[in-house]
Amino acid sequence: MKNTFDNIGKWSSTRFSAFVNWNMTPKTRIYMNGTSSYNDYKSEKDNMSNNGFGYSVSGGFQQTLPWELRLSLYGGGSGSNIELQGKNSGYSYYGINLNRAFLNKRLTISMYARNPFSKNINFSSTKETTNFRSYSETQYPQRGFGFNISYRIGELKASVKKAARSIQNDDVKGGGDSKGTPTETK
C-alpha cells in the first residue's frame, strides 16, 4: 500500500489590522480592534477559485464609577468568511460587565451579561462545486449571565542576579597560566 498527498489548492491573503486604545480621562477608556482582509483561493487541479473581502471588529468602553465599580460594555463581530468551495456567515456579540476589587485588589467580584437580548447566534455555511451543493444552518446558544469571584494569591518577585565574576578565555593566548602570565616550557 502506498499513500501520497497532493496540495490541490493555493491561498493568499492580504491583511490590515489596527488597534486603538484611548484613555479619554483617568476613569474612562475606549478601545477598538479591527482586521480587514482580501482572500484569494485557487485550485487549478479542480478548476475552482473563490475570492473576497472579510473583516472582524471588536471594541468596548470602560468606565470607573463611584465606589470603585468598573463598568465595561463590549461588542464585536465578523463578516462572512470566504473559502475555496463557498462561504460561512458572519456573527456578532455584545455584553456588559460590572466588577469591583477588594482587599488591596486581590479579591475581585464580577457580574456579567453576554448577549442578553439574543438567545442564539445563527450561523450558516454554503459549499458548492460541480459535483455537490451543501447548505447548513446552526444555532449556538449565546445568552449568558454570570457571577464570578477571583482571588489573587501571592506575588511574582523575580530578579536576575549578575555574575560575581566573569569568565576569562585564556586558552587562545600563547601559553601561560590562568592569569595570562607567560610560562616557560623546557
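Modeller: Strands here are DSSP runs of E with at least two residues, and helices are runs of H or I with at least four. The model is a predicted one.

Biologist: How many helices and strands are in the protein?

Modeller: Read along the sequence, the pattern is β-β-β-β-β-β-β-β-β-β-β. The count for the protein is therefore zero helices and 11 strands under the DSSP run lengths.

Biologist: What percentage of the residues of the protein count as buried?

Modeller: Buried means under 20% relative accessible area. The protein has 186 residues, and the share that counts as buried is 22%.

Biologist: Which strand gives the most to the nonpolar patch on the surface?

Modeller: The patch is formed by Val 20, Trp 22, Met 24, Ile 30, Met 32, Tyr 55 and Val 57, with about 670 Å² of accessible area together. Elements giving two or more residues to the patch are β1 (10-25), β2 (28-43) and β3 (48-64). With three residues, the one that gives the most is β1.

Biologist: Is Met 24 buried, partly exposed or exposed?

Modeller: Met 24 has its place in strand β1. Between under 20% for buried and over 50% for exposed lies the partly exposed class. Because its relative accessible area is 39%, Met 24 is partly exposed.

Biologist: Which element supplies the largest share of the lining of the largest pocket?

Modeller: The largest pocket holds about 220 Å³ of space. Its lining has 19 residues, and Tyr 55, Ser 78, Gly 79, Ser 80 and Asn 81 lie nearest its centre. Two or more lining residues come from each of β1, β2, β3 and β5 (81-83). The largest share, five residues, comes from β3.

Biologist: How many residues apart in sequence are the parts that Glu 83 and Lys 127 tie together?

Modeller: The side chains of Glu 83 and Lys 127 meet in a salt bridge, 2.5 Å from N to O. Glu 83 lies in strand β5 and Lys 127 in strand β9 (residues 120-128), so the parts tied together are 44 residues apart.

Biologist: In the salt bridge of Asp 40 with Lys 42, which residue counts as buried?

Modeller: The closest N and O atoms of this pair are 3.7 Å apart. Lys 42 counts as partly exposed because its relative accessibility is 45%. At 17% relative accessibility, the residue that counts as buried is Asp 40.

Terms used. Residues numbered from 1 in each chain as written. Predicted model: local features only at pLDDT ≥ 70, side-chain atom pairs only at ≥ 80, totals over all residues. Heavy atoms only, no water. Patch = residues over 30% accessible without salt bridge, like charges linked within 9 Å, V, L, I, M, F, W, Y side chains within 5 Å. Areas by Shrake-Rupley, 256 points an atom, 1.4 Å probe, with all protein chains shown as cover. Salt bridge = Lys/Arg side-chain N within 4 Å of Asp/Glu carboxyl O. Buried < 20%, exposed > 50% of the residue type's maximum accessible area, 1.4 Å probe, protein only. 1 Å grid on protein atoms, 1.4 Å probe; cavity = no way out; pocket = protein on both sides within 12 Å on 5 of 7 lines; lining within 4 Å. Points joined across faces, edges and corners; volume = space filled by probe spheres on them.
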